[in-house]
Amino acid sequence: MTLEARTAEAPKKAGLGPIFLTVFVDVLALTLVLPLLPYYATTFGASELQIGALLATFSICQLISSPLLGRLSDRFGRKPVLLVSQAGTMVGLLLLGGATSLWWLFAGRILDGFTAGNLTIAQAAITDATEPKNRTKAYAFFGIAFGVGFLIGPAFSGWLAKNHGFQAPPFCAAGLSFSSILLTAWLFPSRAPAPAAARISFFSSVRRVLAQPAARRSVLEMFAYVLSFSMLTGGL
């Protein structure tokens with residue numbers, strides 16, 4: 001590799017560390033709250049149907065907002081949109097921690113869902129920061145950060161809830177989310193938005209992806225995986 005190529009590659013590698021750290025903190029905050037919700041909702045008299053709706057509310061709102069957040073991150077850059085997304089998550093967690101009724105829990109999950117671009121924008125930032133030949137390795141480390149968060153978060157959430165009440169895990173997660181905002185503001189790499197000519201509409205993007213057999217299979221595989229994972233965690 002020439003000196004010029006090594007020099008160009010250095011900032012890309014340097015930019016991955018803050019991204020992975022941000023992902024880990026965000027996942028840890030998520031997993032502090034996720035296993036707690038059914039028990040927390042029960043204290044407000046929630047039925048089984050309402051508990052299922054509470055778990056699904058976040059994903060419904062995320063389904064609506066994710067394409068918009070992705071487009072905004074293309075237009076204005078990853079970092080500012082990620083900061084707004086993390087701020088929404090923190091406020092949603094504060095609503096959960098301070099909830100006085102079941103509807104406050106729903107309000108917190110709705111706000112968190114509508115601003116839930118943390119992980120998807122981080123994935124886009126990994127794509128920005130890596131060459132195609134190194135991208136698979138980079139996403140593997142993303143998966144490691146995700147897995148470690150899921151390993152630590154639920155256990156710590158159970159300990160907090162047992163010793164300090166159901167409000168403690170959401171407030172702790174809000175603190176982690178605030179630290180994630182600081183990490184993003186100080187360490188997350190800033191890059192110029194994509195040129196306007198390079199942007200295409202959301203529906204054009206979907207058609208282009210689904211028109212490719214390999215990409216279509218990957219999307220279906222991911223859908224099946226997330227569906228089974230959601231059924232397992234919801235059932236547990």
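This is a predicted model: local features need pLDDT of at least 70, side-chain atom pairs count only at pLDDT 80 or more; totals for chains, interfaces and linings use all residues.
View 1. Residues are numbered from 1 along each chain as its sequence is written, and side-chain values use heavy atoms, with hydrogens and water left out. Leaving out residues up to four places away in sequence, Gly113 touches Phe58, Cys61, Gln62 and Ser65. Contact means heavy atoms within 4.5 Å. Gly113 sits in helix H6. Helices (H or I, at least four residues) and strands (E, at least two) are DSSP runs, numbered from the N terminus. Gly113 is buried, at a relative accessible area of 0%. Buried means under 20% relative accessible area, exposed over 50%, and partly exposed in between (1.4 Å probe, protein chains only). Gly88 lies 25 residues from Gly113 in sequence, and their C-alpha atoms are 8.7 Å apart.

**View 2. Two cysteines.** Cys61, one of the residues that Gly113 touches, is buried, with a relative accessible area of 7%. Cys172 is partly exposed, at 25%. The count of disulfides is zero. A disulfide is a pair of cysteine sulfur atoms within 2.5 Å.

**View 3. The largest nonpolar core.** This core has 23 residues, and Ala41 and Leu105 have the most contacts inside it. H2, H3 (37-42), H4 (48-76), H5 (78-97), H6 (102-114), H8 (132-164) and H9 (168-187) each supply at least two of its residues. H9 gives the largest share, four residues. A nonpolar core is a set of buried Ala, Val, Leu, Ile, Met, Phe, Trp, Tyr and Cys residues joined through side-chain atoms within 4.5 Å. Beyond its neighbours within four places in sequence, Leu105 is in contact with Tyr40, Ala41, Phe44, Leu54, Leu96 and Ala99. Another core lies apart from the largest one; it has 17 residues, including Phe20, Val23, Leu69 and Ala129.

**View 4. Helix H2.** The expected span of a helix is 1.5 Å times one less than its number of residues. H2 is mostly covered, with 14 of its 18 residues buried.

**View 5. One side of helix H7.** H7 (residues 118-129) has 12 residues. Its end C-alpha atoms are 16 Å apart, which agrees with the 16 Å it should span. The buried residues of H7 are Asn118, Ile121, Ala122, Ala125, Ile126 and Ala129. They lie on the same side of H7, because they cover an arc of only 150 degrees around the axis. The arc is that of the directions from the helix axis to the C-beta atoms. An α-helix has 3.6 residues a turn, so residues three or four places apart point the same way.

**View 6. Helix H8 and its cover.** The 33 residues of H8 should span 48 Å, and the end C-alpha atoms, 47 Å apart, agree with this. Buried in H8 are Ala138, Phe142, Ala145, Gly149, Gly153, Ser157, Leu160 and Ala161. H2, H7 and H9 are among what covers them. Just after H8, Gly165 takes a positive phi of about 95 degrees.

**View 7. The protein chain.** The chain has 11 helices and zero strands. Buried residues make up 34% of its 236 residues.
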